[in-house]
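Please read through the ligand site and the aromatic pairs of the structure shown here.

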Amino acid sequence: MKDHARNSSSNLTRRDLLRTGSAALAASVLSTPLAWAAASDADITGRNSLKAHAHKHGLLTGFAVNVHLLRTDPVYTRILTEQASILVPELALKWVALRPAPDKFDFTDADTFVDFAHKHKIKLRGHTLAWHESIPSWFEATVTKENARHFLEEHIATVVGRYKGKMQSWDVVNEAILPKDKQPGGFRDSPWYKRLGPEYIDIAFRAARQADPKLILTYNDYGVEYDNEEDGERRKVILEFLRSLKTKGVPLDAVGIQSHIKAGSPSTIGKGLREYMAAVREMGLQIYLTELDVNEDDLAYNDVAKRDETIAATYRDFLNVALAEPSVKDLLIWGVGDSHTWLNDGPTHHRKQPNRPQRSLPFDNDYRPKPAFFAIRDAFDHRAKA
Ligand code: XIL
């Protein structure tokens with residue numbers, strides 16, 4: 001894809017400038033438009049960073065991290081250290097990354113992630129201990145009804161135990177609710193559910209509490225954001241599920257709202273989300289916005305500036321509702337720059353704009369902050385006025 005950020009009057013890109021680690025110096029030297037860009041970059045660090053604005057309003061903020069970029073891209077890692085007060089690995093703590101074989105653990109990527117955050121004094125979230133996706137190919141034939149509990153408890157004890165005291169919170173169970181699977185209680189008919197029934201959820205939370213008593217144990221899910229019938233049904237079923245966990249004394253401290261939202265959605269965000277968050281708060285639970293990004297595939301126009309403004313407005317409108325809830329403590333964005341959003345992964349035949357990579361994240365392909373960055377930063381300050 002053409003690098004929109006490459007400056008026409010110079011072969012230097014912003015990435016080159018930042019790589020020198022002296023964007024401000026470069027700005028004083030260069031008299032090209034890039035100098036303006038580099039200079040404007042200086043406006044987003046320090047007290048003007050996302051983490052500084054978040055901190056002013058009692059929040060932690062950061063990104064899902066791609067460990068390959070952590071190893072290879074100094075501009076990427078510079079943004080993480082400048083902007084984030086909390087980080088979560090996009091893949092490194094999932095079963096598929098950790099479990100190359102039934103009797104093996106591979107912590108290479110996870111340790112790289114944890115060591116990076118520890119070095120830069122950035123807090124950490126773990127994601128995720130029990131999910132129906134990103135599971136290794138050996139799972140289906142190896143994990144049975146008889147041994148599933150052992151595999152689940154052993155995994156959690158080993159993985160949570162390894163990082164004991166280093167993680168703020170873990171998404172212990174991810175996306176366990178899917179009413180259209182027609183199971184009692186609205187549970188997703190997932191590999192864990194097929195082997196252990198809904199009990200797998202209780203087992204996972206209890207094992208995590210035992211492995212690290214100080215951890216904030218989180219249930220994470222999506223599809224609760226909009227005022228429409230599907231999200232309304234999901235909110236109702238998830239709340240019933242959460243109440244049942246609390247009634248059984250299952251250790252649970254927080255609820256993750258994935259926050260994968262859509263530019264140009266026909267549905268509004270407001271009453272349903274506010275009521276859902278209030279109900280979660282009344283259970284004594286914290287709320288994390290865990291995977292925020294904006295899917296812009298529905299936007300029928302191609303103009304980049306117009307799309308960027310619409311995407312920014314989508315972030316703003318969602319966050320003005322979500323951040324007004326006092327129990328919201330963390331905001332994590334599901335990626336840094338557009339070159340690595342999961343929304344551009346995989347086959348494109350189902351997309352409305354199959355040949356148009358999405359501009360979903362706060363930074364563009366060359367790590368220039370887009371209107372979305374400033375919309376998110378402004379939303380932190382809007383919280384104070386709520
Ligand atoms: C996605 C990652 O972004 C992809 O890179 C990976 O291939 C699949 O998982 N909800 C979740 C996340 O809880 O773990 C998913 O992340 C996105 C949807």
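How far is an oxygen atom of the ligand from an N or O atom in the side chain of Glu291? The distance is 2.7 Å, within the limit for a polar contact, a pair of N or O atoms within 3.5 Å. This is a predicted model, in which local features need pLDDT of at least 70, side-chain atom pairs count only at pLDDT 80 or more, and totals for chains, interfaces and linings use all residues. Residues are numbered from 1 along each chain as its sequence is written, and side-chain values use heavy atoms, with hydrogens and water left out.

The side chain of Lys94 also has an N or O atom 2.7 Å from a ligand oxygen. For Trp334, a polar side-chain atom lies 2.9 Å from an oxygen atom of the ligand. On its own the ligand has 420 Å² of accessible area, of which the protein covers 82% (Shrake-Rupley method, 1.4 Å probe).

The residues around the ligand, those with a heavy atom within 4 Å of it, include His127, Trp131, Asn174, Glu175, Gln258 and His260. The shell divides into three nonpolar, four polar and five charged residues; Asp, Glu, Lys and Arg count as charged, and Gly is among the polar ones.

Elsewhere, the subject is ring pairs. Rings of Phe, Tyr and Trp (its six-membered ring) pair if their centres lie within 6.5 Å, and the count comes to 14 aromatic pairs. Trp95 and Phe139 have ring centres 5.8 Å apart and planes at 85°, so the pair is edge-to-face (over 60 degrees; under 30 is stacked, the rest tilted). This pair links distant parts of the chain, with Trp95 in helix H7 (residues 95-98) and Phe139 in helix H9 (residues 139-142), 44 residues apart. Helices are DSSP runs (H or I) of at least four residues, numbered from the N terminus.

Technical notes: Polar contact = N/O pair within 3.5 Å; in protein donor to acceptor, adjacent residues only side chain to side chain. Helix = DSSP H or I, 4+ residues; strand = E, 2+ residues; numbered from the N terminus.
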